[in-house]
Amino acid sequence: MNRKRALISDTFMVKKRRDGTTKFGAVSDGDEGPPDIKCTLEYLMTLFPRKLFNDTLPQIVLKHQLYSIHKDKTLVDKELNKLREQGELLMFQLGFDAEAFGLIFASDYKAKVLAGEKGRATQATVEKFLEKVVSSCTDLSFSKDKILREFHFTDSEITQLVKSGVLTVRDAGSWWLSIPNSGKFTKYFIQGRKAVLGMVKKSKYSEVLKAELEERRTTAHVKFHMKYHIHDIVGAELVESIPTTSGTLLRFVNS
C-alpha cells in the first residue's frame, strides 16, 4: 500500500512508454486496470489539515479531486460506489455547490461524531443513527417518512439528530446526511480556492507551472495545503492542465 501511495503522491505522474518516450498527465486508468481509489483517497486525505480543526473533523476529500489524478470519471465513480456499498466510505452533498460531494471513510466519520457527542443529551440517539442508518444505507438524504417508518426514529429524535449536526435540512420533510461542525471547513475551503485561482489568473498569460504554484508562499486566505487546492481546481476543471516539457502547466479557464 505504501508503494502505491508513493506512486500517487504526484498528481500528474510521468510514465515511461514501452518505446521509451515519456507520457505526461493524469493517470490513464485503462493502462493498468481499475484504479486503486482507496489508495488515492488515503493520499489525498494526508493533505487534509487536521490540526487546523483541532482534530475534531474527519478527513474530507472532494469527489472531483480524484478526477485530477484519474482521467476516467466513470471508472472512478464506479469504484467509489463499490467502497460505499461495502460500508467503507460515506458521501455527502456539500452545501456550497450542487456538484460538490465530500468523501469520508466511515470509520473516521463515526469516530469523530462519537467523540463530539460524548456526554451530550443527544449521544444515545446519534449512536442509534450511526448503527442503524449510516452503517447500512448509502443515501445522501432522507425523507421524514423513511426515517420514521424504515428506521423507526421519532420526531423528537430527528430534532436531536439535526441539533447534533449529523442531519441538516434539505427542504420541508427531508434532510441531508451531514458532517457536524464543518462550517469552518467550508469557509476555509472556498476562501482558499478563490485565492489559489487568483494566483493562477494573475500570473502571466493567466497560466503557471504546477510545480511553481505548489512552492508559492501562501497568503492568510490559504489555510490548507496548496496541493489540496490544486487537486480541487484541476478536478473541478476551473483550470486547464496542459502537459509541457517543463512540467504540467495550469491555465485559468474563463467561465
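1. The outward side of helix 5, turned away from its buried side, carries Ser-107 and Ala-115, both exposed; exposed means over 50% relative accessible area, buried under 20%, and partly exposed in between, with a 1.4 Å probe and protein chains only. Helices here are DSSP runs of H or I with at least four residues, strands are runs of E with at least two, and both are numbered from the N terminus.

2. This is a predicted model, in which local features need pLDDT of at least 70 and side-chain atom pairs count only at pLDDT 80 or more, while totals for chains, interfaces and linings use all residues. Residues are numbered from 1 along each chain as its sequence is written, and side-chain values use heavy atoms, with hydrogens and water left out.

3. The buried residues of helix 5 are Ala-106, Asp-108, Tyr-109, Lys-112, Val-113 and Glu-117. Seen down the axis of helix 5, these buried residues fall within an arc of 165 degrees, so they line one face of the helix; the arc is that of the directions from the helix axis to the C-beta atoms.

4. The cover over these buried residues of helix 5 includes strand 4 (89-93), strand 5 (101-105), helix 6 (123-134), helix 8 (155-164) and strand 8 (174-177), where contact means heavy atoms within 4.5 Å. After helix 5 comes Gly-119, with a positive phi near 85 degrees.

5. The largest nonpolar core has 55 residues, and Tyr-109 is one of those with the most contacts inside it, as are Leu-41 and Phe-129; such a core is a set of buried Ala, Val, Leu, Ile, Met, Phe, Trp, Tyr and Cys residues joined through side-chain atoms within 4.5 Å.
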